[in-house]
Amino acid sequence: MPRGYSRERTSVHNLHYHFIWCPKYRKAVLTDDVAERFDELVHEKADELGLEVLEVAIQPDHVHLFITGSPKLAPNKIVQQLKGYTSHELRDEFGSMGLPSLWTRSYFVSSAGEVSSRTIEEYIEAQVGE
C-alpha cells in the first residue's frame, strides 16, 4: 500500500483536512494555559475518533488544525465533535471567559492530499480510452 494511505475493512483512503475556527466575537482567549489545554483536548478527542493530528497552530483569536480523516466521519462531524468537546471542557475549567459560548458556529475546511487535482483529472481522462 502506498505511503500515507490507511486501510480499513472496506476502504483504502488518504484523507487530510485543514480546519480553521474562531472563538465567539473573535475574542483573543486562546492564550497561555487555555491554549495549552486546548492542544491537549484536541489530541484527546482526535485519538477517541481514530484520527491523527498532523499539525495544530493556536492563535489567540483562531485555530488552525491539520488532521487525518476517515471515510466514516464527514468533515462537519469531525469539527462538530472537536468544537463541542473543547468548548465544554475549557468552559468547565476556565469559566465562560466572558463569552456566551466559546466558538462561533462557522468554520473553514479544505481537503488536502498527495496528488494534485490536475493529476486526478488526467488519470480519469486516460481511463475513458481503455
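Is arginine 26 buried, exposed or partly exposed, and what is its relative accessibility? Arginine 26 counts as partly exposed, at 44% relative accessibility (buried is under 20% relative accessible area, exposed over 50%, partly exposed in between, with a 1.4 Å probe and protein chains only). The model is predicted, so local features need pLDDT of at least 70 and side-chain atom pairs count only at pLDDT 80 or more, while totals for chains, interfaces and linings use all residues. Residues are numbered from 1 along each chain as its sequence is written, and side-chain values use heavy atoms, leaving out hydrogens and water.

**Salt bridges overall**
- The structure has seven salt bridges, each a side-chain nitrogen of Lys or Arg within 4 Å of a carboxyl oxygen of Asp or Glu.

**A link between distant parts of the chain**
- Arginine 26 pairs with aspartate 61 in a salt bridge, with 3.1 Å between the closest N and O atoms.
- This pair connects distant parts of the chain, 35 residues apart: arginine 26 is in the loop between strand S3 (16–21) and helix H1 (32–49), and aspartate 61 is in the loop between strand S4 (53–59) and strand S5 (62–68).
- Helices (H or I, at least four residues) and strands (E, at least two) are DSSP runs, numbered from the N terminus.
- Aspartate 61 is partly exposed, at 21% relative accessibility.

**Around arginine 37**
- Arginine 37 counts as buried, at 19% relative accessibility.
- Its side chain forms a salt bridge with glutamate 40 (3.0 Å, N to O), and both residues lie in helix H1, three residues apart, about one turn of the helix.
- Glutamate 40 is partly exposed at 36% relative accessibility.
- A salt bridge also joins arginine 37 and glutamate 44 (3.5 Å, N to O), and glutamate 44 is partly exposed at 34%.
- Through shared partners, salt bridges join Arg37, Glu40, Glu44 and Glu93 into one network.
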